[in-house]
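Student: Can we go through this one together? I'll ask as I look.

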Amino acid sequence: MSNFTKWKRALLLAGKIAIGSSLAIYSAELLHLQFSSSAGIVTLLTLITTKKGTLKLSIARVITFFLAAGVASITFLQIQSEWLAYGLFVLLVAFISEMMGWRATISTNAVIGTHFLTNKDFSPDFFLNEFLLVAIGILFAFLLNMFQDIQGEKKHFSEKIHQLEQRMQGLIEEIAKYLSNEPTRKGIWRELTAVQTQLQNHMEEAYEYEGNTYSEDAAYYARYFEMRLNQCRILHNLQNEMQKIKAMPLQAEIVAEYIRYMNQHVTELNEPSLQLRCLDIFLQMKEQPLPVSRSEFESRAVLYHILMDLEEFLQEKQRFLEKEGKISA
């Protein structure tokens, strides 16, 4: 992710938190609610999730609010010591929330618990006061999370896909050079590892984007980067096979030529069925003279494994396009 994108995302999140929290507090004050600043805290704690996460968390906050209020009414009225009562309250609320898979609600309920502890008021009016604080905080978090730079995100991912494909094409070209006994760039395999790390980061961004939109194609980018990551792992296997070649046989040039042909089509929407059909170079290699030495035999066998890796590389893309509905299975 570029520094500009990081700054843009951070500024957008900070702005939403500041505006949402301020509006929540202002609204609570207009309603003359006690502890109005807590509405801003609820907004802040809810806004730090994705859009889908905000909706799920909001529902969880409402449900656990009633549970927390019930626990508070029991512990704070039965136990005189405030520190002991609050400790037991937090213990029960945290345990229940954890068991329900709603850990993120603990902080809000702990704040609400301090209000009940301070006032020792469990009347309907004060209960409504606390509920409105939570509801107002949730409302503004939900509204502010509706503002997402979706088009900007799509442009960002399109740029990353283009850059990624260029790097992968460069790596594959170096593999072809290696098989052709041409000089190759130093650190090519370290670069492959770097590309894999980059793909992991892109996948995290894509999952976050998926969580911030209800579009049907929201998961496309995550699945695309996952497909490319699987292809990079195949290239790593190919690397291991190439290192087993003791003396490069003549047939390696055939494989190198095919790799260069295949490399032209390492693009986002290319359908690789034609490249798969062109793997009949297996037959071309069979027409070559039989190996005359053990070393040549072993090297020829490694080339077959390399071709099998290339076939798996293309099939990975084929499966991706079939799942996305770009081509029929």
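Student: Glu-312 first: buried, partly exposed or exposed?
Tutor: This is a predicted model, and in it Glu-312 is partly exposed, because its relative accessible area is 29%, between the cut-offs of 20% and 50%.

Student: And which side chain does Glu-312 meet in a salt bridge?
Tutor: The side chain of Arg-319, at 2.8 Å from N to O. Arg-319 is also partly exposed, at 34% relative accessibility.

Student: What other salt bridge does Arg-319 form?
Tutor: One with Glu-316, where the closest N and O atoms are 2.9 Å apart. Both residues lie in helix 13, 3 residues apart, about one turn of the helix. Glu-316 is buried, because its relative accessible area of 13% is under 20%.

Student: How many salt bridges does the structure hold?
Tutor: The structure holds 12. Another one of them joins Arg-103 and Glu-98, with 2.8 Å between the closest N and O atoms. Arg-103 is exposed at 55%, whereas Glu-98 is partly exposed at 38%.

Student: Which helix gives the largest share of the nonpolar surface patch?
Tutor: Helix 3, with 4 residues. Leu-67 is found in helix 3 and belongs to the patch. Leu-67 counts as partly exposed, at 36% relative accessibility. Together the patch residues have about 1100 Å² of accessible area.

Technical notes. Residues are numbered from 1 along each chain as its sequence is written. This is a predicted model: local features need pLDDT of at least 70, side-chain atom pairs count only at pLDDT 80 or more; totals for chains, interfaces and linings use all residues. Side-chain values use heavy atoms; hydrogens and water are left out. Patches are made of residues with over 30% relative accessible area and no salt bridge: like charges are joined within 9 Å, nonpolar side chains (Val, Leu, Ile, Met, Phe, Trp, Tyr) within 5 Å. Accessible areas come from the Shrake-Rupley method with a 1.4 Å probe; for residues, only the protein chains shown count as cover. A salt bridge is a side-chain nitrogen of Lys or Arg within 4 Å of a carboxyl oxygen of Asp or Glu. Helices (H or I, at least four residues) and strands (E, at least two) are DSSP runs, numbered from the N terminus. Buried means under 20% relative accessible area, exposed over 50%, partly exposed in between (1.4 Å probe, protein chains only).
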